Amino acid sequence: MPRTNIPHPEERPGGVRLEGRTAPLQDAASAGVNDGGATGRVDYLLSAAAVRERCGIVLAAAECGETRHFRLVSGQLDDAVERVVAVTRRRYPDLVVPLHSRWRHFGVGGIDRAALIAPGAAPAETARARLDLAVVSVLLDAGAGPGWVYREAETGQVFGRSEGLAVASLRAMQGGLFSIDRTQPWRADAEALTALSADKLGRAFQHGSDNPLGGLEGRALLLRRLGEVAAAQPEIFGSPARLGHLHDFWWPHRAGLPAPDMLNLVLHALGPIWPGRLAFGGVPLGDCGRHGAVAGDGIVPFHKLSQWLVYSLVEPLLDAGFAVTGLDRLTGLAEYRNGGLLLDSGALAARDDDLLRRPLDPFGEPVVEWRALTVALLDRLAERVRERLGRNAAEFPLAKVLEGGSWAAGREIAAEIRPDGGAPLTIASDGTLF
C-alpha cells in the first residue's frame with residue numbers, strides 16, 4: 001500500500017475543515033439561523049439541536065390535537081416507561097449499561113467479535129480498523145426485512161435483522177471485501193468501496209431468491225457513493241482515502257471532542273452519499289422530511305443513521321484515548337423499534353387505521369410525523385426511566401436509555417403482537433433509511 005499523506009497524529013493541525021474552509025470545533029447549532037444566510041441555515045439543519053427542536057415542534061402540535069396522522073394518548077407513555085424499565089433491569093441487573101451503538105450487535109451470540117479486528121496491530125491502527133468497520137456496518141444497517149438471515153460459517157450461528165447485518169459486515173471486512181489490498185483486510189478503502197457491486201455485496205451477505213436482503217441495490221450504491229465522497233476529501237480521509245483516517249483527523253481534539261461536532265462533520269462530509277434527498281442551497285440535507293406543523297421551510301431533520309454512526313464511533317475513540325463530550329446533546333433515533341414501542345404500547349395512536357395496513361412512503365408526512373413524535377417522546381421517556389431507576393442524566397444518558405432500553409423493548413413488544421416481529425407500520429424502504 002502506498003503511504004498515506006496524513007501526517008502522524010501528533011503533527012496534524014487543529015480545526016475542522018469543511019468545504020474548503022477551516023473552522024474551530026463548535027456545536028453546529030450555535031451558528032443557528034439568525035445570520036440570515038444559507039450557510040447558517042444549512043449548519044442548523046445539519047445539527048442534533050435542529051433534530052430536537054423541530055421534532056419538539058411536531059410534538060407541541062400533537063399536544064394541541066393539531067397533528068393529522070397520529071395522536072398522543074394521555075397516560076400511555078407510562079406503560080412504555082414501565083416496559084423499558086423492566087427490560088433494562090432484566091438485561092442489565094446491575095444497571096451498568098453500555099452505550100447504544102453498533103458494537104452491541106457485534107457481540108451477539110456471546111462471541112467477542114470485536115477482538116478479531118486487526119490482530120496484532122498497533123493501537124492507532126486498531127482504532128482506524130474499528131472506525132472503518134463502524135462506518136460501513138452502520139451504513140448497511142437499514143432494515144433487512146423479516147425473511148433474510150445470515151449464517152455465520154465460523155460459529156454455525158444464524159442471525160437476522162440488525163444483528164445479522166452486523167455480523168455479515170464484520171465477516172465481509174475480515175474477508176477483505178472493503179480493502180484494496182486483500183493482505184490487509186481490516187480496512188475500508190475508498191477505492192474498494194467505489195468499485196463495490198451489488199453482486200459482490202449480495203454474495204457476502206448471502207442474498208438470494210430464498211434469502212432476500214431488502215434494498216440490496218440501494219446499499220451497494222450507498223457504499224459506492226461513500227467511496228467517492230471519501231476520495232474527494234483527502235483533508236479528512238487521507239490519500240489514498242480510508243474511512244478510518246477519521247482517527248487521525250480528530251486526533252488533535254482527543255482531549256475533548258464534542259459529539260455534536262462529530263455529527264456535524266459526518267453530515268457535512270458524508271451528506272452527498274444520500275441519493276434523492278432534500279437539499280438546501282445545493283447542500284444535501286440527508287435524512288430529513290417535511291411536516292406542516294413546522295413553519296417556513298417545513299423541514300424536520302432526523303439524521304438517524306448519521307447519529308447511530310456517531311454513537312458507534314464513540315467507543316473506538318474512547319478506547320484509543322479520546323475524551324468525547326456532549327453525548328446527551330445527540331437525540332434518540334427515529335427508527336422503527338423506538339417508534340414501534342410508542343405505537344404498540346399505545347402512547348401514540350393512528351388517527352386512521354388504514355395507516356397500519358398500507359405501505360407508506362418514508363418521506364411522506366405520516367412517517368415524518370411518526371418519526372418526529374418518536375424523537376421528542378424519547379426525551380420524555382428517558383426522564384421517567386431515570387426516575388424509576390434512581391439515576392440522573394449524567395449517570396444514565398440517553399444513549400444508555402436507548403440501549404437498556406427502548407430499542408430492546410420495541411423489539412419485544414413487536415414480537416408479542418405480530419408473528420414476524422415487524423414494525424407496526426410498513427415502510428417502503430430503499431435500504432438506506434430504516
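The secondary structure of the protein consists of 16 helices and 14 strands. The model is predicted, with an average pLDDT of 89 for the protein and a score of at least 70 for 90% of the residues. Over residues 1–36, however, the pLDDT is below 50. Where pLDDT is low, predicted coordinates should not be read in detail.

Of the 434 residues in the protein, 58% are buried. The accessible surface amounts to about 16,400 Å², and carbon and sulfur atoms account for 51% of that area.

The largest nonpolar core contains 137 residues, and Phe178 and Trp250 have the most contacts inside it. Helix H15, which spans residues 365–389, gives the most to this core, contributing 13 residues. When residues up to four places away in sequence are not counted, Trp250 touches Leu257, Met262 and Leu265, as well as Leu313, Leu317 and Phe322.

Ala232 is located in the loop between helix H9 (216–231) and helix H10 (234–237). Its relative accessibility is 58%, so Ala232 counts as exposed, the cut-off for this class being over 50%. Along the chain, Ala232 and Ala269 are 37 residues apart, and their C-alpha atoms are separated by 9.7 Å.

Definitions and conventions
Residues are numbered from 1 along each chain as its sequence is written. This is a predicted model: local features need pLDDT of at least 70, side-chain atom pairs count only at pLDDT 80 or more; totals for chains, interfaces and linings use all residues. Side-chain values use heavy atoms; hydrogens and water are left out. A nonpolar core is a set of buried Ala, Val, Leu, Ile, Met, Phe, Trp, Tyr and Cys residues joined through side-chain atoms within 4.5 Å. Buried means under 20% relative accessible area, exposed over 50%, partly exposed in between (1.4 Å probe, protein chains only). Helices (H or I, at least four residues) and strands (E, at least two) are DSSP runs, numbered from the N terminus. Contact means heavy atoms within 4.5 Å. Accessible areas come from the Shrake-Rupley method with a 1.4 Å probe; for residues, only the protein chains shown count as cover. pLDDT is the predictor's confidence in each residue, from 0 to 100.
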